[in-house]
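Dear colleague,

Here is the structure I promised to pass on, with my notes on helix packing and the neighbouring sheet below it. Please read the notes with the model open beside you.

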Amino acid sequence: MTTTTTRTSRRGLGGGLRATSKVLPEHARAHNRSLVLQHLFHEGPTSRAGLARATGLTRVTISDLVGVLLAEDLVEELGTQPGRRVGKPAILVGMRTDAYQIVAVDLSDDTMLRGAVLTLTGEAVVRQSLEVGPRRGDDLVDLIARFARRLVAAATRPVIGVGVGSPGVVDGAGRIVEAPNVEWRDLPLAALLSDRLGLPVHVANDANSAALAEYTYGGAADSMLVLTVGQGVGAGVMVDGARVHGAADAAGELGHVTAVDDGLPCACGRTGCLETVLSVPALRRAVDGLDRATADAVLADVGRTLGKALAPVVGALNLGEVLLSGPPELLGGALRAAAHETLVARTMPATAAGLNLRMASLDDDVVLAGAAVLVLGAQLGVS
């Protein structure tokens, strides 16, 4: 008899309902391993019996898994569980988040490469940056490879993988479908870097990386949107704890949604895109030389435009949070307040109830942290 399983790749809105392939033993082992590491990563040290209860796996399976993870130095025994007086003391098992490191690269700034060596919990051990200059296309790929190799060499623990947050539309294999600003089209960036570095490399859109970071390290809601505002505007969306990819891997491209009638020309060739009023350069131009009160009025007007653009997305997906990632002096005051007011006014009460619109918690490191989560998820099954 052939056994089938539902799709659990976390693409789209989560696990699908259609059976796609039979369950192989290695799939079950990887799934069980992910359950154990996910629990230890988020909940902390736990006894073997506690792991069995939390994951629903048998004690025999847990014992075997913990043995393998101990041999790989991914977990360690931490002594007996305090406060237990009856029976054999339970030995706690904890994840060794300091045993391995991750290299993360942020390509969201088209003038500067930013990189870091991070622990598994997202703490920076080494930080480096490098000016891009006029490099685009293949020259930029060569520069990124050299930059990443330098970061790998700076690591103080074995590196389990490299994560990259990139501009543009990026598919599930780490191929850049299109990134016009850096002259990339149909570029297998993950495969090219992996071949040059000799390590697993995982690439995602920078805004999607930001959403992963806020979800894993920043405590964001299971269903939320992170709007990244910089040279351009992008969004990463999570629904029920799964990243939304979209039919063409382009979910979250809000920056090029037309939001202003008779607006300014946009780099995409159209006029009135959200990016033409909400990008950091556009906001700085709009408030340059204005007193505080007048500047706040201008920012509030942009906030209302943003609220109108976000309302259909928030309403359709029933998001619990919207996070703004960018300069707080531009986004965090009048603009945020007006966007929230407009969102509430334009969505039904059941959707708007409890809706939180706030600044992102990870600031400038959000894409680097998200690139680390790409590696955590792919290599360890932790998100």
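In this predicted model, Val141, Asp142, Ile144, Ala145, Ala148 and Arg149 of α4 are in contact with Leu189, Leu192, Leu193, Arg196 and Leu197 of α5, where contact means heavy atoms within 4.5 Å, and helices (H or I, at least four residues) and strands (E, at least two) are DSSP runs numbered from the N terminus. Of the residues in this contact, 8 are nonpolar, none is polar and 3 are charged (Ala, Val, Leu, Ile, Met, Phe, Trp, Tyr, Cys and Pro count as nonpolar, Asp, Glu, Lys and Arg as charged, and the others, Gly among them, as polar).

The axes of α4 (residues 137-154) and α5 (residues 189-197) come within 10 Å and cross at roughly 45°, the axes being lines fitted to C-alpha atoms, for helices over the stretch in contact, with angles from 0 to 180 degrees between N-to-C directions.

The sheet is open, with 5 strands in the order β8-β7-β6-β9-β13 and mixed pairing; two strands pair if DSSP finds at least two bridges between them. At its edges stand β8 (124-131) and β13 (201-205), each with a single partner strand, so one side of each has no neighbour in the sheet. Helix α4 lies across β6, β7 (112-119), β8 and β9, running at about 155° to β8, while α5 packs on the sheet, touches β9 and β13, and makes about 150° with the direction of β13.

Residues are numbered from 1 along each chain as its sequence is written, and side-chain values use heavy atoms, with hydrogens and water left out. Local features need pLDDT of at least 70 and side-chain atom pairs count only at pLDDT 80 or more, whereas totals for chains, interfaces and linings use all residues.

Best regards
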